[in-house]
Amino acid sequence: MRTNLKKIQRCPGCGDFFILLALQKALKNLGIPKHKYVIVSWIWCSGKMPHYIDWYAAETLHWRILPFATGIKLSNPELTVIWVWWDWDGYGIGLSHFIHTARRNIDLLYIVANNQNYGLTTWQASPTTPKCAKTSSTPQGNPLPPMDPIALAKAAGAEFTYRVDHQDINKLAERIAKGIQHPGFAHLDVDQACPSWRKW
Ligand SMILES: Cc1ncc(C[n+]2csc(CCOP(=O)(O)OP(=O)(O)O)c2C)c(N)n1
Ligand code: SF4
Ligand SMILES: [Mg+2]
């Protein structure tokens, strides 16, 4: 943990903490030294990932994280680059980057903390909100079916793409470790609890 951490900026029970633990576990199990990996992220609930742990991280422009992460990897291919994103930013506004990174097979691990809503801005429907789910932007129920990020990743050429439950930290850590070791683009869609808003 960062010793200068003043405040926890997430709700109690947030699934993002599980992802954080699994990520730490995977990096420890693989024995990757601190100077050999970087976490690339931005704000939003899940984007606070770099705030808690004393690791090298870059916080960059949201929905433009990918060009930044790609640049890091191309300029320093020895570095393990882990890119943490979230369902609106990753599958909505930044979707084209997801498709083209998979297509280019850039050697990154792309973790999406998929809480099926806009957590930070209080419970709007995201591209992965289930059909009929009530949210603050769909008070009568979401009229749209959710997108399928795994099918999309495969269609874009991704060989390593899995949906994982956030609660099984060991399994998630295993998948994260395999994703890091995969020689090319690796994608994990993490089904993440959002106790404050996701009631479905
Ligand atoms: C271009 C633009 N539009 C809208 C916003 C407002 N905004 C901030 S966070 C957010 C939603 C975040 O949802 P998600 O990516 O799923 O992350 P979560 O908070 O659920 O982890 C939105 C719409 C913004 N910052 N920039
Ligand atoms: S709103 Fe949801 S995703 Fe955001 S910190 Fe709270 S529980 Fe976590
Ligand atoms: Mg979200």
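1. In this predicted model, the shell of residues around ligand 2 divides by class into 6 nonpolar, 4 polar and 1 charged. The residues that surround ligand 2 are Arg 10, Cys 11, Cys 14, Cys 45, Asn 115, Gly 119, Gln 192, Cys 194, Pro 195, Ser 196 and Trp 197.

2. Asn 115, listed in the surroundings of ligand 2, is also a donor to the magnesium ion (ligand 3), where the protein donors are Asp 87 through OD, Asn 115 through OD1 and Asn 117 through O, at 2.1 to 2.2 Å from the ion. The spacing of these donor residues in sequence is D-x27-N-x1-N. Distant parts of the chain are linked by the pair Asp 87, in helix α4 (residues 87–93), and Asn 117, in strand β5 (residues 117–118), which stand 30 residues apart.

3. Turning to the helices, the axes of α1 (residues 16–30) and α7 (residues 169–181) come within 8 Å and cross at roughly 55°; the two helices are therefore oblique to each other, and their crossing is right-handed.

4. In the contact between these helices, α1 contributes residues including Phe 18, Leu 23, Lys 25 and Leu 30, which meet a set in α7 that includes Ile 169, Asn 170, Ile 176 and Gln 181. By class, this contact of α1 with α7 has 14 nonpolar, 2 polar and 1 charged residues.

Note on methods
Residues are numbered from 1 along each chain as its sequence is written. Chains are lettered from A and ligands numbered from 1 in the order in which they are written. This is a predicted model: local features need pLDDT of at least 70, side-chain atom pairs count only at pLDDT 80 or more; totals for chains, interfaces and linings use all residues. Side-chain values use heavy atoms; hydrogens and water are left out. A residue is near a molecule or strand if one of its heavy atoms lies within 4 Å of it. Ala, Val, Leu, Ile, Met, Phe, Trp, Tyr, Cys and Pro count as nonpolar, Asp, Glu, Lys and Arg as charged, and the others, Gly among them, as polar. Axes are lines fitted to C-alpha atoms, for helices over the stretch in contact, and angles run from 0 to 180 degrees between N-to-C directions. Helices (H or I, at least four residues) and strands (E, at least two) are DSSP runs, numbered from the N terminus. Angles under 35 degrees count as roughly parallel, over 145 as roughly antiparallel, 65 to 115 as roughly perpendicular and the rest as oblique. A crossing is left-handed if the near helix is turned anticlockwise from the far one by less than a right angle, and right-handed if clockwise. Contact means heavy atoms within 4.5 Å. Donors are N, O and S atoms within 2.8 Å of the metal (3.2 Å for Na, K and Ca); water is not among the atoms, so sites may look incomplete.
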